[in-house]
Amino acid sequence: MRPFVESLKNTKQSPKYHAEGDVWVHTEMVCESLAASNTFRSLSEKQQQELFLAALFHDIGKASTTRFEDGDWHSPRHAEVGANFVREMLWREYGVCGEPDLQNFRETICFLVRYHMTPPYMLEAKDSEKRIIRTASAGELAPDFSIKLLTALSVADSSGRLCKEDSMGTEKHELCAQLAEELACFDVPPVFSSPFTEYAYLSGKNVTPDTELYNDCACRAVMICGLPGTGKDTFIKERYFDYKMISLDDIRSEFGIPPIGSQSEVIRIAKSRMTEMLRKKRDFVFNATNITPDIRSKMISLWMSYKAYVRVVFLETSWNENLRRNIGRDDCVPRYVIEKMLSKLIPPERFEAHEVDWICV
C-alpha cells in the first residue's frame with residue numbers, strides 16, 4: 001500500500017463537514033461517487049484517467065497541512081500543496097514530463113487538484129464571471145482541463161462525504177456549470193479578441209473578452225522559466241538571439257557571487273539592468289529558473305510599470321534528460337537542489353502575462 005494512503009488514513013477531518021471519518025474514507029467515497037456518475041462515463045478514456053487520478057489525490061495536501069486549532073481540524077492551502085505533491089510525484093517517480101501529451105496529462109490533474117474546491121463558491125464572489133473565465137483559461141495551457149471536468153470532480157467531492165450542511169452543494173455546482181455554459185467556457189477555454197485584451201481582462205481590468213484594446217506597449221520582455229539543466233540557454237540562443245539577455249548565472253559569474261547563500265545583490269543587479277532596458281524601450285529576455293508565481297510576479301510587475309509586452313515561457317524536459325544536461329554544465333547544480341526546486345515548481349498560469357507558453361525541449 002502506498003505511503004500516501006497511510007498518511008490519509010492518519011489525517012483527521014472536521015466532523016462538521018466530514019462526519020464519514022478520516023481523509024482516506026472520504027477519498028474512497030469520492031472515487032466511488034465519481035465512477036458512478038454519468039458525466040464520468042461519458043468521457044474519453046484519457047479524461048477518465050485524469051479525472052479519477054485527480055479524485056484520488058484531491059485531498060493529499062491535507063496530510064501535511066492539517067492542524068487542530070480553535071476546537072476543530074483545519075487544512076489551509078491543502079489544494080495548492082496537493083497540486084505540488086502530485087506534480088512532483090508524476091514528474092519524478094513516473095516520468096510524466098518532457099513531452100506535450102505527458103505535460104497536458106500531468107497539469108490537467110494538477111489544475112483539477114488545485115481548483116477542486118472552487119466551483120461551489122464561484123457564484124458567491126462579486127466577480128463570479130471573471131473567476132470562471134480565469135479558471136477556464138487554464139485549458140489554453142493544459143488542453144484537457146475544463147470547467148466540465150472541474151465541476152464533475154467538485155460534485156464527487158461534495159457527494160462523497162457525510163455532511164448535513166452541504167445540502168445545497170448540487171444546486172451550486174449546477175449553477176456554476178450553467179454560467180460557464182453561458183460564457184462559452186464550460187468545456188473549452190474562453191476566447192478573447194487578442195492576448196493584450198486577455199491579460200487586461202484576467203488581471204482585473206474593466207474590459208470584456210471582445211474589447212479591442214490599443215496595444216501601447218513600449219518594448220518586449222521575455223521571462224524564461226525552468227529547472228536547472230532544462231536547456232534555457234540553448235533555447236534563448238535559438239529563439240531570442242537578437243534580444244539582450246539578462247542572466248542571473250552570468251551576473252554571479254561576473255561578480256564572483258556563489259549560487260548558495262543570499263542572492264539579494266544578484267537580484268539587485270538584474271533589476272538595475274532590466275530597468276535600464278525598459279527605460280531605453282529595448283527588448284530583453286530574462287534567464288533564470290523563475291519557478292514560483294511570487295518570484296515571477298515581482299519581475300513582471302516591474303516590467304508592466306514600464307509598459308512592456310510580457311511573454312513568459314516555461315520549459316521542461318524529461319527528468320533523466322534534465323539530470324544528464326545538468327551534469328554536463330560547467331556550474332553543475334547538486335541533484336538535491338534540483339529535487340527541492342521541483343517540489344516548489346508551479347508552471348506559469350495564463351493570467352500571469354500577455355502571453356504564456358509551455359514548451360517541451
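Analyst: Look for the residues that touch: in this predicted model, H26, V30, S33 and L34 of α2 meet A152, A156, D157 and S159 of α10, with contact meaning heavy atoms within 4.5 Å. The residues of this contact are four nonpolar, three polar and one charged, where Ala, Val, Leu, Ile, Met, Phe, Trp, Tyr, Cys and Pro count as nonpolar, Asp, Glu, Lys and Arg as charged, and the others, Gly among them, as polar. Residues are numbered from 1 along each chain as its sequence is written. Local features need pLDDT of at least 70 and side-chain atom pairs 80 or more, while totals for chains, interfaces and linings use all residues, and side-chain values use heavy atoms, without hydrogens or water.

User: At roughly what angle do the axes of α2 and α10 cross?

Analyst: The axes of α2 (residues 23-35) and α10 (residues 147-159) cross at roughly 125° and come within 8 Å, the axes being lines fitted to C-alpha atoms over the stretch in contact, with angles from 0 to 180 degrees between N-to-C directions. Helices here are DSSP runs (H or I, at least four residues), numbered from the N terminus. The two helices are therefore oblique to each other, a class left over once under 35 degrees (roughly parallel), over 145 (roughly antiparallel) and 65 to 115 (roughly perpendicular) are set aside.

User: How are α14 and α15 arranged?

Analyst: Their axes come within 10 Å and cross at roughly 115°, which makes α14 roughly perpendicular to α15. L248, I251, R252, E254 and F255 of α14 meet V266, I267, I269, A270 and R273 of α15, a contact with seven nonpolar, no polar and three charged residues.
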